[in-house]
Amino acid sequence: MEPGAAVATARRLAEEVLAPRAASVDAEQRWPAEGMAALLSELGGLVVPEECGGMGHGLLAVAQVGEVTGRACASTSICMGMHLVASAVISARATDHQRRHHLEPIAAGEHLTTLALSEPGTGGEFWLPRTRMEARGDRLLLTGEKSFVTNGGHADSYVLSTVAVGENELPGRFSCVLLDGDDPGATWGPPWTGMGMRGNDSRSLRLEEVSLPRTRLLGEEGAEIWYVFNIVTPYFLMAMAGTYLGVASAALEEARRHLLRRRHAHSGTTLAAQPLVQHRLGSMWARVERTRRLVYRAAAEADAGGPESLPALCSAKAEVAETAESVINDALTLTGGIGYSRDSPLHRHLRDARAAHVMAPLTDTLRVWTGRALLEQPLLGD
Ligand SMILES: Cc1cc2nc3c(=O)[nH]c(=O)nc-3n(C[C@H](O)[C@H](O)[C@H](O)COP(=O)(O)OP(=O)(O)OC[C@H]3O[C@@H](n4cnc5c(N)ncnc54)[C@H](O)[C@@H]3O)c2cc1C
């Protein structure tokens, strides 16, 4: 499927399946089963290589699909985004066994995967897991705790970060493994109650000596910090940037429609006739559009392996987080007391968009990383 066709499919599903359910997913704090089933069946293999039956797309398609789905329902969009990031991690260095058991079912739309990186102990610094992976014969034993696992309890597999410990390993070395949804020994925490993103089911997960076959190891044991910066971070950034760009553009459209609709009795004109609101709407549009251009340029450049891609990727998600916040605030001003109602979609957009700053990498961290990239310094370090 061509990139444009994938985005057109996402748009159709967003309009027909996601948008009509967005308010109830939020109000009922319900994992979006219908939306996810529809997206998985047609776009589940978006980033899976073509030789495994997938569509073989990259960061640009993730951002573009994310914008379309985020405009309709941010919760569903992030659930799908985490599936796409995890699919990209599995695809990067899959063994034949992992291709057969994970990638081909993902490409066929029959397998939901997701990311279990964050931990209560290290918060937004998801590249520092404390979950231990100990090799015992042909088994791997996992012990630790994960937090905010989006799609928690619903996914068929979880891409989980660990540190390898044991005789042949230096302590503190990063690995990723695949935990399947039906592996014994994993215990889910209660449903998460967020201010926004209420359909995500981002739960905590406790692992006590969970025993997995070695075939679930992604890449080499203890040698894969590479995944964090080469795959997880770029895909994470584009999935989130696309989603919250969609939320910003939904708020812009909400304001535009309100200005055309709202008519005052004393003047007989709509708000659209007021120069001040025209000015504010124009400024909102420009913020959304310039942010969109940065996101898509960053994604295209990174797909092509261009040298400018790192500062662009980092800045793109930080800019989206700030743009979404400011555009929703302006939309609330333009829609007045009517927009300020609890039932207004802007209420949901405001709560959803606020997550953009705190979903790692954090906005502040991304600004620092951009500066470090420009100064030719490694992202992490003193
Ligand atoms: C809706 C939602 C969905 C999520 N989905 C997933 C998922 O699917 N998988 C997953 O692995 N994780 C997920 N996360 C987790 C997310 O990526 C972050 O790890 C988490 O939000 C961090 O929360 P915390 O309270 O532990 O932050 P903390 O690390 O305690 O940080 C709190 C605040 O302190 C400041 N701060 C912290 N560290 C620094 C620093 N080094 N420099 C400057 N300021 C700093 C920042 O202002 C930050 O916001 C999700 C989170 C949310 C809210």
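The model is predicted: local features require pLDDT of at least 70 and side-chain atom pairs count only at pLDDT 80 or more, whereas totals for chains, interfaces and linings use all residues. Residues are numbered from 1 along each chain as its sequence is written.

**Exercise 1. Domains and their contacts**

Task: State into which domains the chain is divided, and describe the contact between domain 2 and domain 3.

Solution. 
- Step 1. The division gives domain 1 (3-112), domain 2 (116-218) and domain 3 (225-374); such bounds come from an automatic or database domain assignment.
- Step 2. Taken over C-alpha atoms, the centres of domain 2 and domain 3 are 31 Å apart.
- Step 3. A contact requires that the C-beta atoms of two residues, placed from the backbone, lie within 7 Å. By this criterion, 10 residues of domain 2 are in contact with 12 residues of domain 3.
- Step 4. On the side of domain 2 that touches domain 3, there are 7 nonpolar, 3 polar and no charged residues. Here Ala, Val, Leu, Ile, Met, Phe, Trp, Tyr, Cys and Pro count as nonpolar, Asp, Glu, Lys and Arg as charged, and the others, Gly among them, as polar.

**Exercise 2. The surroundings of the ligand**

Task: Determine which residues come nearest to the ligand, and explain why the ligand lies between two domains.

Solution. 
- Step 1. A residue is near a molecule if its C-beta atom, placed from the backbone, lies within 6 Å of it. The ligand has 22 residues around it, of which Leu117, Ser118, Gly123, Phe148 and Thr150 come nearest.
- Step 2. Two or more residues of the shell are given by each of β1 (113-116), β3 (139-149), α10 (345-358) and α11 (363-374). Helices (H or I, at least four residues) and strands (E, at least two) are DSSP runs, numbered from the N terminus.
- Step 3. Sorted by class, the shell contains 13 nonpolar, 8 polar and 1 charged residues.
- Step 4. Because domain 2 (116-218) and domain 3 (225-374) both give residues to this shell, the ligand lies between them.

**Exercise 3. Record annotations against the model**

Solution. 
- Step 1. In the model, residues 225-252 are 100% helix and 0% strand, with 39 Å between the end C-alpha atoms.

**Exercise 4. Backbone exceptions**

Task: Locate the cis peptide bond, and decide whether Met197 is buried or exposed.

Solution. 
- Step 1. Most residues other than glycine have a negative phi, and most peptide bonds are trans.
- Step 2. The bond from Ala360 to Pro361 is cis, with omega near -5 degrees, and Pro361 is found in the loop between α10 and α11.
- Step 3. Met197 is not a glycine, yet has a positive phi of about 50 degrees; its place is the loop between β6 (186-188) and β7 (203-213).
- Step 4. A residue is buried if 20 or more other C-beta atoms lie within 10 Å of its own, exposed if 12 or fewer, and partly exposed in between, with C-beta atoms placed from the backbone. Met197 has 26 C-beta neighbours inside 10 Å and therefore counts as buried.
- Step 5. Asp201, also not a glycine, has a positive phi of about 50 degrees and lies in the loop between β6 and β7. With 24 other C-beta atoms within 10 Å, Asp201 is buried.

**Exercise 5. Helix α7 and its cover**

Task: Check the span of helix α7, and identify what covers its buried residues.

Solution. 
- Step 1. The expected span of a helix is 1.5 Å times one less than its number of residues. Helix α7 (residues 275-303) has 29 residues and should span 42 Å, which agrees with the 42 Å between its end C-alpha atoms.
- Step 2. Buried residues of α7 include Leu281, Met284, Val295, Tyr296 and Ala299.
- Step 3. Their cover includes α3 (59-72), α6 (225-261) and α8 (309-334).
- Step 4. Ala63 is placed in helix α3 and touches Met238, Ala241, Gly242, Val295, Tyr296 and Ala299, leaving aside residues up to four places away in sequence. Ala63 counts as buried, with 31 C-beta neighbours inside 10 Å.
- Step 5. Just after α7, Gly305 takes a positive phi of about 75 degrees.
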